[in-house]
Amino acid sequence: MSSQGSSLKDQLYNRDKIRYLADLFAGHAVGFDAHAFEADVMASLLDLELKERIHMIARMLEQHVPGRLPQVAPILRAALPAPLDPTRSDDDFGDFIFAPLGEWVVNIGLEDHCDLSLDLLAEITQRFSMEWAIRPFLNRWPQETLARMQVWALNENYHVRRLASEGTRPRLPWGTAVGLELSEPLPILDQLHGDKTRYVTRSVANHLNDITKKDPDLVLTTLKRWHAQGLQTAKELDWMTSHALRGLVKAGHSGAMALLGYDPDLEVDVALTLPDTVRINEKLVFTCDLVGAKGAAVLVDYRMTFQRPGGKTSRKVFKLKQSKLGNAALQLSKTHPLKGGAATFTLVPGTHQLEVLVNGRARASAAFELLA
C-alpha cells in the first residue's frame with residue numbers, strides 16, 4: 001500500500017485506498033463514475049483529520065450513489081468484498097476504508113429505516129467494525145437496537161457478536177456518547193462472557209472496565225455471578241476479570257483486589273530504598289523488600305507524585321510485580337527512567353514522592369529530589 005505520508009491517517013486513507021473503494025462500486029452502481037469519485041475525495045482528503053476523512057468519504061458516497069437506503073442497500077451489499085477470515089479469532093479489526101460505509105448508512109437510514117440499517121451494519125462489520133456507526137441507532141432507536149444486539153450475541157460470526165458488546169460500551173474511544181443506563185446492555189454481556197473467541201471476551205472485559213468508572217459494585221456483582229455460573233473456562237474468566245478490573249486495581253479498590261485474590265488488609269512489612277537525588281534524563285533505581293505470611297498473594301505497584309508547573313502535583317501508578325511471599329523477604333527492584341522533554345508529560349524539578357502499594361494499600365514511601 002502506498003501513502004502520501006507516514007501519519008496514521010495517510011496510511012489508512014490515501015489515493016490507493018480511495019481507488020480501491022471506488023472500484024468496488026464501479027461495477028454495481030449504475031452511472032457511478034469511479035474517476036470522478038476519486039477526484040472529489042482527493043480534492044480535500046489530505047487536509048482533513050482521520051475522523052473528518054471518514055465523514056467526508058461518506059458524504060461523497062452519498063453524492064455519487066444517490067438515493068435513500070432501500071435503493072442504496074442492494075448496491076452496497078453487492079459492492080462488499082468477502083468477509084474477514086472466519087477462521088481467525090482475534091486481532092482482525094478489518095480495513096478502515098470501510099468505516100465510511102457505516103457513516104453512509106447512518107446518514108440515509110437513521111430516521112426512517114432502522115431495521116434495514118441494522119441489517120447492513122451487521123454485514124459491514126464483518127469487513128470493518130461498525131462500533132461507531134451503531135451509536136446513533138442506540139440513541140435514536142435504543143430498544144430496537146438493543147433487541148437486535150441480543151440476537152447478534154448469538155450470531156455465528158464473531159465480528160457480529162463483538163459488535164453487540166463493543167458498540168454498547170459506555171466509554172467507547174472515538175464513539176458518540178450513548179444515553180443507555182449502565183445496566184441495560186448487561187443481558188448482552190451475560191451471553192457474550194462465555195464466548196470462545198478472545199476478540200469478543202476482550203470487548204466484554206473492556207466494557208466492564210468502562211462501567212467501573214461510575215459503578216464498581218455493578219461490575220463486581222456481575223463478575224461474581226459469572227464465576228458462579230461456570231459458562232466460561234476458569235482461565236479465560238480469570239483473564240477477563242483481571243482485564244475488567246485493571247482501572248480499579250490501579251485505584252487500589254479493595255473489592256477488586258479481594259475478587260482477584262489479593263487481601264487488601266494483608267499484614268506485610270515493606271522496606272524501601274531509593275537515592276536522595278536524581279537528575280532529569282537519569283534513571284531512578286529503587287529497591288523494596290517485602291516480608292509477610294508465607295504463600296500470601298501480593299500485587300505490588302508503585303505510585304509517583306510528580307511536581308507540576310505552578311506548584312501543583314499529580315500522581316501516577318505503575319506496575320511492579322505479582323507474586324507470592326516466601327520464607328525469605330521478597331526482593332524487588334525497579335529502574336524508572338525520568339526523561340525530560342516528553343511531549344505529553346514535562347518533568348519539573350523539585351521534591352517527588354514514591355510509594356509502594358501492596359494489594360492496593362500504601363505500605364512504604366520516601367521522597368527524592370529531582371534536579372534539573
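**Figure 1. Helix α13 and the glycine that follows it.** Gly-230, which comes after α13, has a positive phi, near 70 degrees. The model is predicted, so that local features need pLDDT of at least 70 and side-chain atom pairs count only at pLDDT 80 or more, whereas totals for chains, interfaces and linings use all residues. Residues are numbered from 1 along each chain as its sequence is written, and side-chain values use heavy atoms, with hydrogens and water left out. Helix α13 (residues 216–229) has 14 residues and reaches 20 Å from its first C-alpha to its last, close to the 20 Å expected at 1.5 Å a residue (the expected span being 1.5 Å times one less than the number of residues). Helices (H or I, at least four residues) and strands (E, at least two) are DSSP runs, numbered from the N terminus. The buried residues of α13 are Leu-218, Val-219, Leu-220, Thr-222, Leu-223 and Trp-226, where buried means under 20% relative accessible area, exposed over 50% and partly exposed in between, with a 1.4 Å probe and protein chains only. These buried residues pack against α11 (186–192), α12, α14 (234–244) and α16 (254–259), contact being defined as heavy atoms within 4.5 Å.

**Figure 2. His-207 in helix α12.** His-207 is found in helix α12 (residues 198–212), and it counts as buried because its relative accessibility is 0%. Not counting residues up to four places away in sequence, His-207 touches Ser-165, Thr-168, Arg-169, Pro-170, Pro-185 and Leu-189.

**Figure 3. The crossing of helices α3 and α4.** The axes of α3 (residues 34–42) and α4 (residues 50–64) come within 10 Å and cross at roughly 150 degrees; axes are lines fitted to C-alpha atoms, for helices over the stretch in contact, and angles run from 0 to 180 degrees between N-to-C directions. The contact is made by Ala-36, Phe-37, Asp-40 and Val-41 of α3 together with Met-56, Ile-57, Met-60, Leu-61 and His-64 of α4. The residues of this contact divide into 7 nonpolar, 1 polar and 1 charged, with Ala, Val, Leu, Ile, Met, Phe, Trp, Tyr, Cys and Pro counted as nonpolar, Asp, Glu, Lys and Arg as charged, and the others, Gly among them, as polar.

**Figure 4. Trp-104 and the nonpolar cores.** The largest nonpolar core has 89 residues, and those with the most contacts inside it are Tyr-13, Phe-25, Phe-37, Ile-57 and Trp-104; such a core is a set of buried Ala, Val, Leu, Ile, Met, Phe, Trp, Tyr and Cys residues joined through side-chain atoms within 4.5 Å. The largest share of this core, 7 residues, comes from α4. When residues up to four places away in sequence are not counted, Trp-104 touches Phe-25, Ala-58, Leu-61, Glu-62, Val-65, Val-72 and Leu-76. A second, separate core of 30 residues includes Leu-284, Val-300, Leu-338 and Leu-354.

**Figure 5. Leu-24 and Gln-126, two buried residues.** Leu-24 lies in helix α2 (residues 15–26) and is buried, with a relative accessible area of 17%. Its neighbours within four places in sequence left aside, Leu-24 is in contact with Ala-79, Pro-81 and Phe-98. Gln-126 is found in the loop between α7 (114–124) and α8 (135–140), and it is buried, with a relative accessible area of 17%. Leaving aside its neighbours within four places in sequence, Gln-126 is in contact with Pro-83, Leu-84, Asn-157, His-159 and Val-160.
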